[in-house]
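Work through the exercises below with the sequence and the model at hand. Try each task before reading its solution.

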Amino acid sequence: MKRIKIDRDKCIGCLTCTTACIISHGSADNRSRVVIDSYGKYAPIFCRHCEKPECVYTCMTGAMKKNQDTGIVEYDKDHCANCFMCIMACPYGVLKPDSVEHKVIMKCDMCQGTESGSPSCVKKCPMNAITLEEV
Amino acid sequence: MEVKQSTCNYCSIGCNLDFYVEDNKIRKIIPTKNHTVNKGFCCIKGLQLNRQESSRRLPLLRGEDGVMREVSWDKAFETFSSRMKEIQNKYGKESVAYLSTAQITTEELALLGFVGRTYMGINGDGNTRLCMATAAVAHNQSFGYDSPPYALKDLELSDTIIFIGANPIVTHPVLWEYAVRNKDAKIISIDPRKSETTIKSDIWIDIKPKSDIRLFYTLANVLIEKNWIDKEYIEKYSEDFQEFKEHVNKYTLDGVEEKTGISKKRVLELAEIIHKGKKVSFWWTMGVNQGYQAVRTAQSIINLAVMTGNIGREGTGANSITGQCNAMGSRLYSNTTCLYGGRNYNNLEDRKEVANILDIDESILPTKPTISYGEIIDRINSGEIKGLWVIATNPRHSSSDNMKFAKAINNLEFLVVQDLYDDTDTAQHCDLFLPSVPGTKKQGTLINTERRLSAVTPVLEREEGELSDYEIFLGIGKALGIEEPLEKWNTPRDAFELIKQFSKGMPGDITGVDYNMIVNSNGVQWPFKKGDRLIEDERRLFEDNKYYTPSGKVKFIYEDIMEIPNPITKEYPYVLNTGRTTVGQWHTQTRTSEIPIVEDASIKQAHLLINVELANQLGIKESDKIIVSAINGEKGRFIAKLSRNVKKYHLFAPIHYIETNALTPSIFDTYSKEPSYKYMPVNIKKVAK
């Protein structure tokens with residue numbers, strides 16, 4: 001599958017990826033973020049659509065599923081019990097609930113369900129710090 | 001959920017945003033789809049405008065015990081009026097002044113200019129002086145009016161885009177998108193630092209700091225010698241070219257590398273690129289504006305565009321990118337550096353016209369432009385100014401050589417701060433704090449970098465006790481005893497109608513703009529005269545080759561290149577440059593430090609970019625604490641960030657931290673009085689552990 005690859009040396013912390021993510025999903029929330037590490041370096045954090053996804057293993061309802069064809073870890077809010085186990089289990093701390101109702105998990109869908117069709121963050125990054133690479 | 005369109009009030013692009021509102025709360029913000037300016041995109045700041053909330057509803061007054069306590073609005077207005085009048089009676093009219101902003105609406109700026117400049121008879125300058133004064137003066141002198149000539153679309157239409165002292169990837173991301181959409185253009189960046197924009201450009205011209213004017217005069221000379229100029233355009237539409245030609249004759253290729261760091265060969269290549277380009281556009285911002293010879297540098301860019309016929313056509317232009325959301329409104333309608341509408345304080349006809357519109361006696365209009373921002377601070381320190389009113393700006397942080405303002409605070413008898421936040425570096429020291437509302441609760445107009453009027457719509461209802469800046473100005477005006485003349489200013493819409501009248505017959509005529517035309521729309525660029533029809537949404541000036549000078553021709557303006565007024569010395573051997581480093585942080589951080597997404601991605605302490613090789617030489621490692629001492633006698637503590645993007649003897653500090661402007665100089669451009677923020681000799685020392 002194609003995954004979002006991050007080149008931290010190119011990241012300038014402009015948050016264009018975060019902006020693109022919010023806009024692409026017509027959302028109030030971001031599904032990825034950028035933080036500063038202990039050396040003061042930018043660290044963009046994106047869902048990795050893990051091979052062995054903890055969020056899927058801990059999901060009690062099957063709302064979080066690994067699509068074996070695309071490799072994308074998909075989230076179905078209609079099946080979600082809002083137990084937040086996925087949030088607790090994610091080793092990268094990337095998952096969080098929505099900021100309005102605190103129910104829906106803000107989960108990267110590689111922009112599959114959006115007008116963009118492919119990750120908007122990658123398209124908009126002005127520095128090509130994030131790219132879509134086959135892994 | 002209700003959806004309300006409004007204009008972002010951070011930077012000069014003026015992105016339009018759709019605010020989704022429920023129960024008087026903004027649930028989400030989405031950039032307005034298909035809007036001419038931002039085309040459904042924006043930056044992170046715009047998306048987080050819901051974070052802007054009033055810090056309080058009632059004013060605060062400092063008691064004799066030094067404690068700030070809430071008082072009623074009536075008491076605050078009465079205190080403002082009585083204290084300011086008392087100071088004026090004791091020390092003279094000009095013993096009171098104000099420092100304002102380009103972060104409020106045009107209507108608010110116009111009313112402030114009416115109450116402050118006209119009725120209080122005081123000096124009042126804006127923070128526009130700190131960023132755009134140079135461009136305004138350059139335009140006025142060369143074009144005959146403060147008129148950025150372009151449409152943003154010109155970036156998409158150029159075959160050669162030259163950025164000068166501009167880093168739009170960080171400062172104006174939506175403007176950069178225009179350049180990105182233009183897949184065919186060659187992009188050249190002229191900057192002493194390897195900025196984010198230079199990295200993504202085709203060519204980086206890595207000039208020595210403050211040598212841009214030398215490079216442009218040399219380029220002009222080369223273009224003339226090679227006969228790569230548009231003689232017909234020069235002949236028909238410009239004046240003083242012959243004198244300019246003689247002036248640049250001495251700037252030969254021989255000395256260029258020593259002075260600018262750019263070799264003869266590269267200067268020739270650049271000249272050839274300009275010559276071969278059919279649609280060359282030049283875009284400059286703070287790297288040019290914030291210098292000691294900035295107006296002439298800006299004009300050296302204008303001269304290049306004119307002599308090569310790269311102006312008044314699509315994809316061309318000598319184009320100043322504006323900084324703040326309403327710098328253009330402030331430049332034309334704040335009654336500070338010019339009479340309303342870009343009129344002249346000394347022109348009797350202009351004075352009569354404005355007085356008639358306002359129904360006041362012409363003699364009470366100001367007779368001269370305000371003294372500048374820097375001069376106001378100097379006069380506080382010399383004891384001439386005793387009362388200061390600061391509106392939506394933070395001079396304790398943002399003024400150059402900002403410890404001067406720290407000293408000024410102690411010299412004031414009465415400091416009033418009017419702001420959204422009561423905890424800014426300046427507000428913390430005030431005697432009276434007047435809380436205003438955010439732009440999401442205001443009505444008015446912003447004018448963007450391409451002269452586009454766009455509506456600020458109140459997306460939220462105000463709660464009881466909350467007043468907008470407009471209403472605070474009205475309240476102060478009434479407390480000062482201005483009654484009848486304020487009847488023409490009852491609402492922002494009234495002010496908009498006055499502004500239209502001020503513009504009548506001027507190059508920026510907007511008499512044809514009905515307010516409804518700029519609401520829920522793409523906005524309207526000036527000029528738009530009564531009777532005009534809006535056929536094209538993106539228009540540029542000078543397509544008719546008529547300029548606003550008395551002769552109708554664009555003027556070549558130039559002068560001898562100045563020596564650097566504060567050169568490096570043995571004791572201060574490094575050049576400190578300053579600027580923005582993140583998209584998320586805005587200026588002094590008053591508006592963006594409350595945005596978690598931005599805070600998560602921002603370094604908390606003041607930091608300094610230092611070349612890796614120099615750092616090694618000085619034994620400085622990543623994240624070491626260092627002391628930066630400047631030639632003005634000030635020192636600051638910074639964290640070292642090792643970088644390959646600054647040259648060996650250059651340093652770069654972000655402007656978002658108060659430590660930075662303690663180190664910038666009290667040196668100003670001769671004509672615009674804009675501070676020279678970009679060049680300061682400093683030394684650095686590692687803090688012993």
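The model is predicted, so local features need pLDDT of at least 70 and side-chain atom pairs count only at pLDDT 80 or more, while totals for chains, interfaces and linings use all residues. Residues are numbered from 1 along each chain as its sequence is written, and chains are lettered from A and ligands numbered from 1 in the order in which they are written.

**Exercise 1**

Find how helix 3 of chain B is placed against helix 21 of chain B.

Step 1. Helices (H or I, at least four residues) and strands (E, at least two) are DSSP runs, numbered from the N terminus. Helix 3 covers residues 106-119 of chain B and helix 21 covers residues 469-479 of chain B.

Step 2. The axes, lines fitted to C-alpha atoms over the stretch in contact, come within 9 Å and cross at roughly 20°. Angles run from 0 to 180 degrees between N-to-C directions.

Step 3. Helix 3 of chain B is therefore roughly parallel to helix 21 of chain B, a label for angles under 35 degrees.

Step 4. Residues are in contact if their C-beta atoms, placed from the backbone, lie within 7 Å. Helix 3 of chain B contributes E107(B), E108(B), L111(B), L112(B), V115(B) and Y119(B); helix 21 of chain B contributes D469(B), Y470(B), F473(B), I476(B) and G477(B).

**Exercise 2**

Describe the open sheet of 5 strands in chain B.

Step 1. The strand order is 10-9-8-12-13, with parallel pairing. Two strands pair if DSSP finds at least two bridges between them.

Step 2. Strand 10 (203-205) and strand 13 (317-320) of chain B are the edge strands, each pairing on one side only.

Step 3. Strand 9 (residues 186-190) of chain B is joined to strand 10 of chain B by 3 bridges. I188(B) stands opposite I203(B) in strand 10 of chain B.

**Exercise 3**

State how many residues of chain A are in contact with chain B, and which elements take part.

Step 1. In chain A, 23 residues are in contact with 25 residues of chain B.

Step 2. Helix 1 (16-24) and strand 2 (33-36) of chain A each give two or more residues to this side. The largest share, 5 residues, comes from helix 1 of chain A.

**Exercise 4**

Decide whether K265(B) is buried or exposed.

Step 1. K265(B) lies in helix 13 (residues 264-276) of chain B.

Step 2. A residue is buried if 20 or more other C-beta atoms lie within 10 Å of its own, exposed if 12 or fewer, and partly exposed in between.

Step 3. K265(B) counts as exposed because it has 10 C-beta neighbours inside 10 Å.

Key
Angles under 35 degrees count as roughly parallel, over 145 as roughly antiparallel, 65 to 115 as roughly perpendicular and the rest as oblique. Two residues are in contact if their C-beta atoms, placed from the backbone, lie within 7 Å.
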